Amino acid sequence: MSQEFIAAAVAVLALVVAGVLAWRVKKQKVESQEAEEIAGAIHKGAMAFLNKEYKILIVFVIIVAAIIGFTGIGWMTSLCFVIGALFSAIAGNIGMRIATLANVRTAEAAKKSLFKGLKVAFSSGSVMGLSVTGLGLLGISVLYYFIGDPEVLYGFGFGASSVALFARVGGGIYTKAADVGADLVGKVEAGIPEDDPRNPATIADNVGDNVGDVAGMGADLFESYCDSIIAAMVLGVLGAVEFGPQAIFLPLFLAAAGIIASLIGNIVINMRKSGKPHSIMNSGIYVAAVLMAIGAYFIIQRTVENPMGVFGAVITGLVAGIVIGLVTEYYTSDHRKPTQDVAKAAQTGAATGIISGFALGMISTIIPVIAVCLAIFAAYEFAGIYGIAIAAVGMLSTLGITLATDSYGPVADNAAGIAEMAGMGQEARERAEELDAVGNTTAAIGKGFAIGSAALTALVLLVSFGQVVDISIVNLLEYKVIIGLFLGGLLPCIFAALTMKSVGKAAADMVDEVRRQFKEIPGIMEGKNKPDYQRCVSISTSAALREMIIPGVLAVLAPAVVGFLIGPEALIGLLAGALVTGFLLAVIMANAGGSWDNAKKFVEAGNLGGKGSETHKATVIGDTVGDPFKDTSGPALNILIKLMAIVALVLAPIL
């Protein structure tokens, strides 16, 4: 059997298991008719958004594919671009469908026990995780078998990156417009609970959880996963003299081992019948990481020369990913001092709470930056440039389970909302809220993991670009490089500003609509008339699709303009500047946003005056500021720094 097909066979196994898990979730019965109707509205809104987004993406993909083909880059690269975009879209579609099926079934299962609710929600997350890794590895393995040139596969990564950017930006704008509108008018002005059926924006808010945190996060990590494997394969060709001819296949084998380890971790979680939900989830992640390390050792021993150096690079990536995730959890958990201090700061008003949270975000950059620097240093010492690429593959190798624990969160959040809106009982609501609280923690870890992997992947792509255009040394005193550095540092700021303004405009439209309905539709507050949920869904959909275009085009055009007008040296400067600024800004925004969110939850748990207090209102305002930080602009920066690097690599043959 060809070596590519060993990896492809494991990828198919992942997709088969994902299909079985999806079938098991779907066959769960839903007894509450009202809950079924609410879930149906969420599913309809999510799929309507996704279908409209894909219509825009189809036009974008056709235009870019034609440009790639006609400009001399190559029609094979163009084909890979289309396939990469298609596979990314399929992964997002699968994740969205299973999440909107699992939310109501999680709520129904939570009526019986906490653990049954956990199993349903986690199974849906596993479908997303295994679909992303299975489709990514399958696409790369099969394309390499037929093409035989890993550099052409950068087109596949470019397609995945393009869909990821639009999915992240569009989904992020959608979810936060609805969330901010629902919170500001519902919680602060009307004084009604979260997910109250009287709030017109509540369905749009629940739809947003899926389009932003399931499809968006899945597309983001699909891109990182594919880009890291492709870059490591390219550097494996260049490092064949030192590491042997099998170095090109090692990334595929490691990705396959990661899928097997993730499947076993999945089994461990499903076998647990006692313990805290958070501990249960962590047990699966740690088992997968240990098994991956063991499997990597034996695979590397049989595959490459200098095996201990390459193995050290893999371990470096695994450890760095875990460290960044744990640091993110520490700074954003409502059980930890940093976020509790943000809540205490809000006792004197929203302004002091916001200042405290922003300071937390800035100080929280220290350990992630040190972790990435140490990972780069250690991986290079172990195995040179190839070692850095392998470290990125190692960090993402167990994505099948780490993404599952992240995608679980929005499902649990939706389940809590459905339990509230459908009146499924206090016990079901409390259990779903407990699962949701765990989901907030896993989502924070997932965001940290996504940021760390984006930084390492973008660095590997930057190094790969230098190799392709034959620039091994960059002179920082060269004016073109300095211009590129400044422009690169500027781009994440512009990108974050554009996406935040988009959320602000969309949220303002949502606030006006919710206020209008409270004022003009009689009997909403008394529960006599239902709000017009569909109108709020439509506002979020239109705003997201309209506002995602300019940031998306900017990310693609910027490296092309700098590369052609100033030169490859300036483009390297652009990528380096964007990497540093984008990484720091992404960490700041993710952790500040997470701390504001969980400071609100800390107060809602009965601390510092509890729900309805002035401190609570102040933390709600902080949370609404943090919403676009942590769920729109911050995550989109991960994709920006990778997308610009992959665009540069695709353009390299004609620069």
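Author: Happy to! Let's start with the residues around the second largest cavity: 11 are nonpolar, 9 polar and 1 charged. Here Ala, Val, Leu, Ile, Met, Phe, Trp, Tyr, Cys and Pro count as nonpolar, Asp, Glu, Lys and Arg as charged, and the others, Gly among them, as polar.

A word on the source: this is a predicted model, where local features need pLDDT of at least 70, side-chain atom pairs count only at pLDDT 80 or more, and totals for chains, interfaces and linings use all residues. Residues are numbered from 1 along each chain as its sequence is written, and side-chain values use heavy atoms, leaving out hydrogens and water.

Now, the search. A cavity is a set of points, on a 1 Å grid over the protein atoms alone, where a 1.4 Å probe fits but cannot get out; lining residues have an atom within 4 Å of a point. Across the whole structure there are 7 cavities of 30 Å³ or more. The second largest cavity holds about 280 Å³ of space, a volume being the space filled by probe spheres set on points joined across faces, edges and corners. It is lined by 21 residues, and I285, I322, T402, I445 and F449 are the closest to its centre.

Helix 10 supplies the largest share, 6 residues. Helices are DSSP runs (H or I, at least four residues), numbered from the N terminus.

Methods:
1 Å grid on protein atoms, 1.4 Å probe; cavity = no way out; pocket = protein on both sides within 12 Å on 5 of 7 lines; lining within 4 Å. Helix = DSSP H or I, 4+ residues; strand = E, 2+ residues; numbered from the N terminus.
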